[in-house]
Amino acid sequence: MNSPAKPILEVNSVSKAFGGVEALRDGSLKLSPGEVLAIVGANGAGKSTLIKIIAGVLTPDRGDISIKGKSIARQDHTVGFIRQMGVEVVYQDLAIVPNMTAPYNLFLGRVPRKFGIFVDEKKMQEKTREVLAELKVETVQSLKRPISEMSGGQQQSIAIGRAIAWGKEIVILDEPTAALGPNETQQVERVINEIRKRNTATILISHNLDQVFRLADRLVVVHQGNTSKEFMRNEVTIDELVKAITTG
Amino acid sequence: MASDVEKKTMLPNMENRTLMARLGLPNWDSPEGRVWVNRLRDNVPFIAITLVILLFWFISGDRFMSVRNWTFIAQQTPVLLLLAFAQLLVVTTGSIDISVGSNLGFSAYMAALGMLWFGELGFIVGIFAAMLIGVLNGAIFSLFKISSFVTTLAMLIIVRAVLVIVSDGRSIYVSDQPMSNSNITSIEAKWLLDLGQFPQILYFTVLVAVLLWIVYEKTVFGQQLKALGGNEKVLRLTGISVNWFKIQVFAAAGFMVGLASFINLARSGAATVQAGEMLELDAIAAVALGGTVLTGGYGSVLKTVVGALTLTIVANGLTIAGVPPSWSRIARGLLLIIAIAISLNRKQIDVVK
């Protein structure tokens, strides 16, 4: 996986400033199908800005991204367009609508319709059962109750389920287990390993370096707005990684 | 298995747990307990209306529990209910619209003017006027990011003032025969006055309620209302155009106000400068009595019907029992506070402003 013929995603020297402050100076990376790439860095290093650009939430000031070898034009750099290209993001605490059902959360923004205006409940429930089975998430009591009645791990699994159900190409996970307990974290990590089997590429942002080493194939370090270093997982120790995160 | 954090937060509730256990009930802070408490909370509107009916039946007997009085209640409720429906749409998204009373007065007058100018179908002007106010509310609120409370408060004042200017303080009357008195502006529309009577008024309202229930529960629009109230940020991040949707919501609420103003015109037989004054508060109260949380995300058309009915019954019952109007208002205000207190899930609220 070191030098794949066709990367699924290329980020070419993107930068972004907010009112004179350069949150991201030079962000560059490549991603191959089926690969789990971890982005690590200190708080404020520019990780979130980088993934928001990849997701289409932010438009870069300079540089561009290409997905499947196709450069995304400035006017197309929107969430809607990039989602259509098969890229999905799971944000750490913004992933779900708590008062809605699991099926609604799975179909967020893509609710299947009958006669143009009605919700196709049956289709939503069937698909939800399918996705839950595929991710091996069990013990979901009811698909008709608000998702907030489920455990944190199950909620996050649904959010990730949404990402992989639609993100055929790339799934971006922003601190997916930051708010979860140990058992629930295990459940979510199992789900991440299921994604790998589907040949979908994953970008993982995590502060938990143990987790990064458990899951990632490759690591990119972001330091003061630059993607400063890159390691294969089996070519680096935690100490070297911590040094790269703190000193660039 | 509970984590350490959970264990810590569970400690203060130990006494509660044993008490609940002694009563053979699940601990209210356990998952089963929460479901149980939620179910009870879900049914508050039905329990409330039952208690209210029983209370007034007990106090006033047959004077309250008569066909004549219930016919009266059936005539009294629709205008309030339709306004409460408008409020329900907005409140479900977590916003509020306190301009509905002024909008009702304004659009009823525009409907009457429309009929004066264009004949019977001219009442549609009133519906469009109400929707226009709704669109303005939605646009100001979402595009300028001014809270819906402030936006619609300003609109409450402006729209009432515009009504005074447009009407010059004069009313337009609806009559069932040609009027010869040239000092009075009137339109002849017997069908409209008939619509304001029982049972037509009831059929109309039930029809609207059923249609709204379908929209609210079965359509993508209805689902998105609740989702917007639940987590607006997530909707934005999934690429849904939240601003445009908010304008649609306020326009839909405006449409409901238009229907309410139409029924108000039919029932009162006149478009006046005062029409709808203070009704916005009753509309909010009806929604709250229907168990709809004012912080958004949840709501029910059926329970809003129950809420509007409860409010009407309380007003009616107190009048029959001989309670003076001011005391009746105080009782209804207290009822509102109690209803909201019970329906709120305080655990989900961090800050109250």
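This report looks at one helix in chain A and at a helix pair in chain B of a predicted model.

**Helix α8 of chain A**

Let's start with α8(A), which spans residues 238-247. Its buried residues are A:Leu241, A:Ala244 and A:Ile245. Seen down the axis of α8(A), these buried residues fall within an arc of 100°, so they line one face of the helix.

| Element of chain A | Residues |

Just after the helix comes A:Gly248, with a positive phi of about 85°.

**A helix pair in chain B**

Over in chain B, α5 (residues 67-92) packs against α14 (residues 279-289). Their axes are 8 Å apart and meet at an angle of about 65°. Angles of 65 to 115 degrees count as roughly perpendicular, and α5(B) and α14(B) are therefore roughly perpendicular to each other. The crossing of α5(B) past α14(B) is right-handed.

Which residues make the contact? From α5(B) come B:Leu80, B:Leu83, B:Ala84, B:Gln87, B:Leu88 and B:Val91. On the α14(B) side, they meet B:Leu279, B:Asp282, B:Ala283, B:Ile284, B:Ala286 and B:Val287. Sorted by class, this contact has 10 nonpolar residues, one polar and one charged.

How values were computed:
Residues are numbered from 1 along each chain as its sequence is written. Chains are lettered from A and ligands numbered from 1 in the order in which they are written. This is a predicted model: local features need pLDDT of at least 70, side-chain atom pairs count only at pLDDT 80 or more; totals for chains, interfaces and linings use all residues. Axes are lines fitted to C-alpha atoms, for helices over the stretch in contact, and angles run from 0 to 180 degrees between N-to-C directions. Helices (H or I, at least four residues) and strands (E, at least two) are DSSP runs, numbered from the N terminus. Angles under 35 degrees count as roughly parallel, over 145 as roughly antiparallel, 65 to 115 as roughly perpendicular and the rest as oblique. A crossing is left-handed if the near helix is turned anticlockwise from the far one by less than a right angle, and right-handed if clockwise. Two residues are in contact if their C-beta atoms, placed from the backbone, lie within 7 Å. Ala, Val, Leu, Ile, Met, Phe, Trp, Tyr, Cys and Pro count as nonpolar, Asp, Glu, Lys and Arg as charged, and the others, Gly among them, as polar. A residue is buried if 20 or more other C-beta atoms lie within 10 Å of its own, exposed if 12 or fewer, and partly exposed in between; C-beta atoms are placed from the backbone. The arc is that of the directions from the helix axis to the C-beta atoms.
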